[in-house]
Amino acid sequence: MKLPFFGETDSDSCKPHLIMPVKVSPDIVTHLGIKSSLAENQWSVIIQRSPLLEVKGNVELKRPLAKAASRLPLSGRRLKRGPDQMEEALEPEKKRTRGLGTRVSTTHPRAAALSSAPQTQGQTTVPKAPRKPAPRCSTAVAPVLKTQKPGPVVPAQKPGTTAAPPMVGGKKPKRPAWDLKGQLCDLNAELKCCREKKQVLDQENQQLRDQLQEAQQQALALGAERRSLEEELTRVRAQAEQGQRELGNLSAHVLELEERLGTQEGLVQELQKEQLRLQEERTGLAARLGEQERRLQTSEASLSDSQEEVASLRQEAAAREAVLAEREDRLHGLEMERRRLHNQLQELKGNIRVFCRVRPVLPGESTPSPGFLQFPSGPCGPSDPPTRLSLSRSDERRGTLSGAPAGPTRHDFSFDRVFPPGSGQDEVFEEISMLVQSALDGYPVCIFAYGQTGSGKTFTMEGGPGGDPQMEGLIPRALRHLFSVAQELSGQGWTYSFVASYVEIYNETVRDLLATGTRKGQGGECEIRRAGPGSEELTVTNARYVPVSCEREVEALLHLARQNRAVARTAQNERSSRSHSVFQLQISGEHAGRGLQCAAPLSLVDLAGSERLDPGLALGPGERERLRETQAINSSLSTLGLVIMALSNKESHVPYRNSKLTYLLQNSLGGSAKMLMFVNISPLEENVSESLNSLRFASKVNQCVIGTAQANKK
Ligand code: ADP
Ligand code: MG
């Protein structure tokens with residue numbers, strides 16, 4: 001087998017070997033027959049070898065080779081023979097070395113590296129084989145020769161040759177020049193020795209080659225192993241990168257999970273708090289439940305007692321209910337009796353009653369002369385409410401026969417009641433509250449205020465200005481009384497409802513005083529119609545009928561009516577004085593338990609001023625209009641008087657239709673109706689004429705008696 005490091009191409013890989021500097025011992029050089037002209041330590045051999053072998057070999061093979069070199073048998077000293085002898089002695093080595101001549105360099109300084117030449121991992125056992133020191137000289141060859149097979153037989157000293165001179169002082173004695181035979185014999189012996197050394201060196205060389213080959217194989221194996229390890233490393237790195245990425249992802253995931261964990265922990269803490277709170281609450285509730293259960297037990301115990309008591313009470317209640325029903329019957333009977341008696345009383349008082357009211361002298365008005373108006377006491381003395389009025393009038397046109405002016409003429413009038421100027425609104429209402437009761441009992445009631453303008457009609461009906469409760473007129477007081485009595489009667493099973501309307505009749509046209517919105521103030525013309533065919537009930541078209549149940553609602557209606565009048569007022573025409581204001585309240589009562597019903601209108605009428613127009617006045621455009629108004633008013637007031645007279649005289653024809661006023665009030669005047677007329681008188685002397693006219697008209701009315709009233713019972 002060829003040795004690749006001797007400069008030949010590697011037959012396996014076909015790659016050239018590297019030239020590797022190897023330090024060679026001078027002994028080896030000498031032994032190999034390399035020229036030894038350099039100093040011993042400068043000998044070096046450059047060996048071509050594989051890169052891997054170079055790396056490995058530099059490190060691992062240094063020592064064994066050095067040792068091997070030290071065991072080389074030849075010493076430089078032996079070579080100091082004659083050139084011829086050396087040539088001859090070294091002939092075989094020379095030949096071999098020359099074959100290596102191109103591969104051995106002695107010039108490279110790094111040849112020392114050869115000292116680390118092939119030895120791998122201690123497997124190279126170069127030192128083992130040549131353990132025995134090689135023979136260094138002829139004297140050293142001897143032991144070798146002893147152990148070896150007998151080499152070529154040294155020819156015995158032939159005759160004629162001198163025997164080898166004896167050893168003197170350990171040194172071989174030099175043969176005399178003539179002893180050629182002896183010298184030849186020595187040379188032969190030396191040659192033999194050299195041949196033996198060569199044989200030993202060949203063996204060593206072979207061993208070294210084997211070691212080298214083994215090392216190369218190992219290097220190849222290691223290279224393959226390295227490549228696989230590199231691949232493994234690459235794969236492991238890729239895995240590591242992948243692992244790193246996964247680690248990053250996992251770290252992010254871990255962070256996210258930690259965050260979520262934090263949130264969850266917060267939630268858990270909250271829930272734990274909530275749980276604690278609920279547990280406390282539950283404990284509290286349980287305690288309360290226990291308490292409630294205890295109470296329940298107590299209550300159940302007392303309940304059973306109570307049930308017994310209730311049973312006895314029920315029996316008692318049933319007995320009382322029977323008594324109550326009996327009493328209720330009696331009460332109802334009494335109520336009906338009261339109504340009957342009340343009505344009888346009213347009839348006895350007269351279905352048509354006339355009250356005279358004299359207003360006080362207002363600030364700024366001239367005080368009348370004493371005795372102008374007198375209020376004589378009744379038959380029972382001053383404690384009796386006044387019913388008479390005496391008015392003194394001095395008539396300058398009339399004279400006595402002697403020519404002296406006649407004294408004042410007294411005019412006495414008697415009415416159902418006379419209210420002097422100091423009478424309050426409450427005093428006046430007290431007298432008429434009985435009539436309001438009659439309206440609730442189902443009898444139509446109509447109350448008029450008659451008199452000249454400024455005599456106190458509106459004051460009497462609606463009240464004074466400023467909203468002073470003491471100044472409230474008949475309308476608010478009557479309605480309050482109605483609501484109050486209706487409430488009382490509800491305890492007896494009666495249910496009442498009230499619907500209000502408020503209209504004015506001006507120049508024989510009817511206008512709604514409760515109009516709102518665009519109709520406000522305009523009033524729109526209204527017509528008086530029957531509620532239905534064959535119905536006695538009258539209704540005003542285009543007028544508002546407003547259900548009322550309390551005083552506030554009534555106040556709001558009166559306020560609205562005042563606003564509507566103010567809008568319609570003009571400078572030339574104080575229309576409210578020139579028109580009749582009719583407040584009507586439809587009262588409906590029902591006793592569901594007994595199937596009783598009653599219904600009646602309560603009418604409160606503030607009549608237009610009754611004053612006459614002075615016939616001596618020049619008639620301008622305004623006066624003509626005033627005259628027309630006055631004629632309309634006088635006509636309607638005359639018709640009212642005629643209607644009352646016709647009713648009183650029980651005439652077959654009652655001229656209701658002659659005026660809008662009587663037509664609208666016809667259900668409140670005839671038959672079972674109760675009528676009250678206030679005649680309002682001015683206390684001033686200058687109004688005496690009008691006062692007398694009013695008093696005369698009222699006296700006529702007062703003389704009328706309308707037939708026995710019948711309640712509108714169904
Ligand atoms: P009429 O409506 O008849 O035209 P009013 O009711 O408007 O008269 O009364 C005229 C004035 O007299 C008003 O200022 C009113 O306050 C006042 N007056 C009327 N009657 C009384 C009275 N009884 N007490 C006090 N003032 C009164
Ligand atoms: Mg008035």
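Predicted model: local features only at pLDDT ≥ 70, side-chain atom pairs only at ≥ 80, totals over all residues.
Residues are numbered from 1 along each chain as its sequence is written, chains are lettered from A and ligands numbered from 1 in the order in which they are written, and side-chain values use heavy atoms, leaving out hydrogens and water.

Side chains of opposite charge can pair when their charged atoms come close. For us, a salt bridge is a side-chain nitrogen of Lys or Arg within 4 Å of a carboxyl oxygen of Asp or Glu. How many salt bridges does a search of the whole structure find? It finds 27.

Let's start with Arg235 and Glu232, whose closest N and O atoms are 2.3 Å apart. They sit three residues apart in helix H7 (residues 180–349), so about one helical turn separates them. Helices here are DSSP runs of H or I, at least four residues, and strands are runs of E, at least two, numbered from the N terminus.

Next, Glu427 pairs with Arg417 at 3.6 Å. Glu427 belongs to helix H8 (residues 425–440) and Arg417 to strand S7 (residues 417–419), so this bridge ties together parts 10 residues apart in sequence. Is Arg417 buried or exposed? Arg417 is buried, at 9% relative accessibility, while Glu427 is partly exposed at 35%. Buried means under 20% relative accessible area, exposed over 50%, and partly exposed in between, using a 1.4 Å probe and protein chains only.
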